[in-house]
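Please work through each task with the sequence and the structure at hand before reading the solution.

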Amino acid sequence: MVDWEGLLKEASKRVQTVASRHSDSEDQLRVVGVGASGDKTLVVDRDAESAAMEILLQAGDVRIVSEERGEVGSRRSRWTVLLDPIDGSANFERAIPFYCTSLAVTEGGRLSKTKHALVRNLVSGDVYYAEVGAGAEKNGKKITSSAVTELQNSVAAIDFSRAPRGVVERLVPLVVSVKRQLHFGANALELCLLAEGKVDLFVDLRGRMRVTDLAGGRVIAEEAGATLTTGGGKELDAALNLEERLDVLAAANAGLHARLLARLG
């Protein structure tokens, strides 16, 4: 029996050590290539991925899908780990203190088959963890999403960076309805803020999110009580590869999610 909670915590701890080592060095800005996801790879991305993989491969019958190397291991493996070593690399590059590592474990070939998830804030060291059916926790204490049900009372994390004009126009009715709109630049960590009730909505309609961006935060938010769907209100699911792209509507509870969908048309 694999101790996934222990492995994920140790892997994320190793990543934090790497991130801390690079944060004050000249390597912080050095690009070493382009990852499998198509994004540029910083030296910290490469080293963090290697540190995490060293631990995760101890599970044995495991395949890893990562932002940098892509797929490692057999698709016939029982377990698939989705890894984003540094979510918020652009923040790390500019020394903006909001970035994390995101991990999720699936038993099956779909995002909907995720069983365990962990997101570690690489600045504060806070650890968010969830196992499907067992609730979500932060640093070992149970967390729940907020009870806000009206858009005018909600704080919304909305990612529309480099969004096409049509997406921005679709978001206008929402932006003018909420109490406050913000975006920090690390989506997995923002979903954890949703899980613990610090924000009430998370919206990304750009159709760019990969399973590695989404998997960890999705389970943590849902286990905390949040409702997540695609932009059209359908089940949030995808194959476990870096090719598929998703959009996301997430709300602290089902009532708020219904109002979110209605406002976006």
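This is a predicted model: local features need pLDDT of at least 70, side-chain atom pairs count only at pLDDT 80 or more; totals for chains, interfaces and linings use all residues.

**Exercise 1. Describe how H1 and H2 are placed relative to each other.**

Solution. Two packed helices are described by the angle between their axes and the distance between the axes.

Step 1. For helix H1 (residues 4-23) and helix H2 (residues 43-56), the axes come within 8 Å. They cross at roughly 155°.

Step 2. Angles over 145 degrees count as roughly antiparallel. H1 and H2 are therefore roughly antiparallel to each other.

Step 3. The handedness of this crossing is right-handed.

Step 4. On the H1 side, the contact is made by Leu7, Leu8, Glu10, Ala11, Arg14, Val15, Val18, Ala19 and His22. H2 contributes Val43, Val44, Asp47, Ala48, Ala51, Ala52, Glu54, Ile55 and Leu56.

Step 5. Sorted by class, the contact of H1 with H2 comprises 13 nonpolar, 1 polar and 4 charged residues.

**Exercise 2. State the strand order of the sheet and identify its edge strands.**

Solution. 

Step 1. The sheet is open and is formed by 8 strands in the order S4-S3-S5-S6-S7-S8-S9-S10, with mixed pairing.

Step 2. Strand S4 (70-72) and strand S10 (141-143) are the edge strands, since each pairs on one side only.

Step 3. On average, neighbouring strands of this sheet are turned by 20° against each other, direction ignored.

**Exercise 3. Examine the pairing and the burial of S3.**

Solution. 

Step 1. Strand S3 (residues 62-66) is joined to S4 by 3 bridges, and the two run antiparallel. S3 and S4 form a hairpin with 3 residues between them.

Step 2. S3 is joined to S5 by 5 bridges, and here the strands run parallel.

Step 3. Ser66 has bridge partners in both strands: Gly70 in S4 and Leu83 in S5. Ile64 has Val72 as its bridge partner in S4.

Step 4. Buried means under 20% relative accessible area. By this cut-off, 5 of the 5 residues of S3 are buried. Both faces are covered, with Val62, Ile64 and Ser66 buried on one side and Arg63 and Val65 buried on the other.

**Exercise 4. Trace S8 through its pairings with S7 and S9.**

Solution. 

Step 1. S7 and S8 pair in the antiparallel sense over 5 bridges. His116 has Glu131 of S8 as its bridge partner.

Step 2. The hairpin of S7 and S8 has 5 residues between the strands, and Gly125 in this hairpin takes a positive phi near 85°.

Step 3. S8 and S9 also pair in the antiparallel sense, over 3 bridges. Tyr128 has Lys138 of S9 as its bridge partner.

Step 4. The hairpin of S8 and S9 has 4 residues between the strands, and Gly133 in this hairpin takes a positive phi near 90°.

Step 5. S8 is mostly covered, with 4 of its 5 residues buried.

Methods:
Residues are numbered from 1 along each chain as its sequence is written. Side-chain values use heavy atoms; hydrogens and water are left out. Axes are lines fitted to C-alpha atoms, for helices over the stretch in contact, and angles run from 0 to 180 degrees between N-to-C directions. Angles under 35 degrees count as roughly parallel, over 145 as roughly antiparallel, 65 to 115 as roughly perpendicular and the rest as oblique. A crossing is left-handed if the near helix is turned anticlockwise from the far one by less than a right angle, and right-handed if clockwise. Contact means heavy atoms within 4.5 Å. Ala, Val, Leu, Ile, Met, Phe, Trp, Tyr, Cys and Pro count as nonpolar, Asp, Glu, Lys and Arg as charged, and the others, Gly among them, as polar. Two strands pair if DSSP finds at least two bridges between them. Buried means under 20% relative accessible area, exposed over 50%, partly exposed in between (1.4 Å probe, protein chains only).
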